[in-house]
Amino acid sequence: MDSGQPTKQSVLHHPAYLHLAASRVLTALASQAVTIAVSWIIYDMTESAFALGFVGFCQFLPRFFLTLVVGHVADSFDRRMIVLICQLAQAAIAAMLAVAIFEQWITPTLIFVAVTLLGAVNAFQQPSTVALLPNVVPPSLLQQAVATSTSLQQAAFIIGPAAGGLLYGVHPTAPFVISAVLLLVGGVNVALIHVERRVVVREPVTIASVFAGVAFIRSRPVILGAISLDLFAVLLGGATALMPIFARDILHAGPWGLGFLRAAPAIGALGMALLLARRPLKTHVGRRMMVACAVFGVATIVFSLSTNIVLSIVCLAILGAADTISVVVRSSMVQLMTPDEMRGRVSAVNSLFIGTSNQLGEFESGVLAGFLGPVATGVIGGVGTLIVVLLWIRLFPELVRVKTLEG
């Protein structure tokens, strides 16, 4: 944050924030295009729900093993430089996949290796990016910054999958080439971010310092409850990982249909994020987070039972809107309740929970769908999400009683 300028009432008046937001949008566009292309390629090559699930598992593994290390790195080194290096690495991986497809030596094994590398890079990038945000805007604008960033990223999540599907239809290498270019431009934006230099006190690497983020979260029931609720709700409600199956075999749509299904949650999320950016949550935020997670579970059930693509898109949009409420509340809580010298380690643990819920949830859904089919898997996951919400209301009453995110 540039302390030489007066605090303004909009995050859009902070140049460093604009560069950070642009970088995140470009990264989101690239990642969504790569995701849609990879999921279509792997299912087209294998026709296996297990293979689709294994893509998520490959992304989860490095995040799981690197979490404690990356948090310490984010608190000990220049977070801006970490993000820049990660974006360049992602661009190189996307370019490598484009060459492999063009030269026709792409294989499922190569794809699994590539997404594992992407998972390792994301393990470093995500907590560093999140921990960088409070250094760019004042605390009074943090919820607005989170909501605005979320809305911008969700716009990218709408455009990215649709563009990825269309680009793949033009040529299978196109999504990867365009993604590499977007990541390079995103890296330029990161390089242009100017923040007041942090005074970094590099702690010696000890067991206590590495596990400090875990200990901090365990000592804060509100943070623990918010993070773990998101973990289990999305882990169980991961039917969206089976979208290629729903698109091709149930809804009878091609790559374009998969692109629109992928974009639907982002459409709902964008609408909700724009609303929250203009009208931040003021009261009963803990209770609203619980309600949002319950709506997420119901939308997952209806989506899984739907055989109409319009109804499926509506359900996914509602799911995305509900998830955004949870994301904004959780992210704001974690950042406001964590001191700067701990943000990297806490953000890394938070990132593991988020990655676990998304990527391990994809693996769980893929394995379960291999035995029970996609419809039963989605219904079971949605019901499980509702059960988790009821349990968390009793296990974390402190979270339910949180009234405001005003710092």
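User: How many helices and how many strands are there in the protein?

Analyst: This is a predicted model, and in it the protein has 16 helices and zero strands.

User: And what share of the residues is buried?

Analyst: Of the 407 residues in the protein, 57% are buried. The protein exposes about 16800 Å², and carbon and sulfur atoms supply 70% of that area.

User: What percentage of the contacts with a separation of 6 or more comes from residues 24 or more positions apart?

Analyst: Residues 24 or more positions apart make up 88% of those contacts, counting the ones with a separation of 6 or more.

User: Which residues of α6 are buried, and what covers them?

Analyst: The buried residues of α6 include Phe176, Leu183, Asn189 and Val190, and also Gly186 and Gly187. Among the elements that cover the buried residues of α6 are α1 (15-46), α3 (79-102) and α5 (142-170).

User: New topic: how many aromatic pairs are there?

Analyst: The structure holds four aromatic pairs. In one of them, the rings of Phe54 and Phe112 have centres 4.9 Å apart and planes at 90°, so this pair is edge-to-face. The pair links distant parts of the chain, since Phe54 sits in helix α2 (residues 49-76) and Phe112 in helix α4 (residues 108-132), 58 residues apart.

User: Are those two buried or partly exposed?

Analyst: Phe54 counts as partly exposed at 32% relative accessibility, whereas Phe112 is buried, with a relative accessible area of 16%.

User: What about Phe232 and Trp392, why is that pair called tilted?

Analyst: Their ring centres are 5.4 Å apart and their planes are at 55°, so the pair of Phe232 and Trp392 is tilted. This pair also links distant parts of the chain, with Phe232 in helix α9 and Trp392 in helix α15 (residues 374-395), 160 residues apart. Phe232 is partly exposed at 33% relative accessibility, while Trp392 is buried at 9%. Together with Phe396, Phe232 and Trp392 form one aromatic cluster.

User: Where is Ser228, and what does its side chain reach?

Analyst: Ser228 lies in helix α9 (residues 221-236), and it is buried, with a relative accessible area of 6%. The side chain of Ser228 reaches the backbone oxygen of Leu224 at 2.6 Å and the backbone oxygen of Gly225 at 3.3 Å.

Technical notes. Residues numbered from 1 in each chain as written. Predicted model: local features only at pLDDT ≥ 70, side-chain atom pairs only at ≥ 80, totals over all residues. Heavy atoms only, no water. Helix = DSSP H or I, 4+ residues; strand = E, 2+ residues; numbered from the N terminus. Buried < 20%, exposed > 50% of the residue type's maximum accessible area, 1.4 Å probe, protein only. Contact = heavy atoms within 4.5 Å. Areas by Shrake-Rupley, 256 points an atom, 1.4 Å probe, with all protein chains shown as cover. Polar contact = N/O pair within 3.5 Å; in protein donor to acceptor, adjacent residues only side chain to side chain. Phe/Tyr/Trp six-rings, centres within 6.5 Å; stacked < 30°, edge-to-face > 60°.
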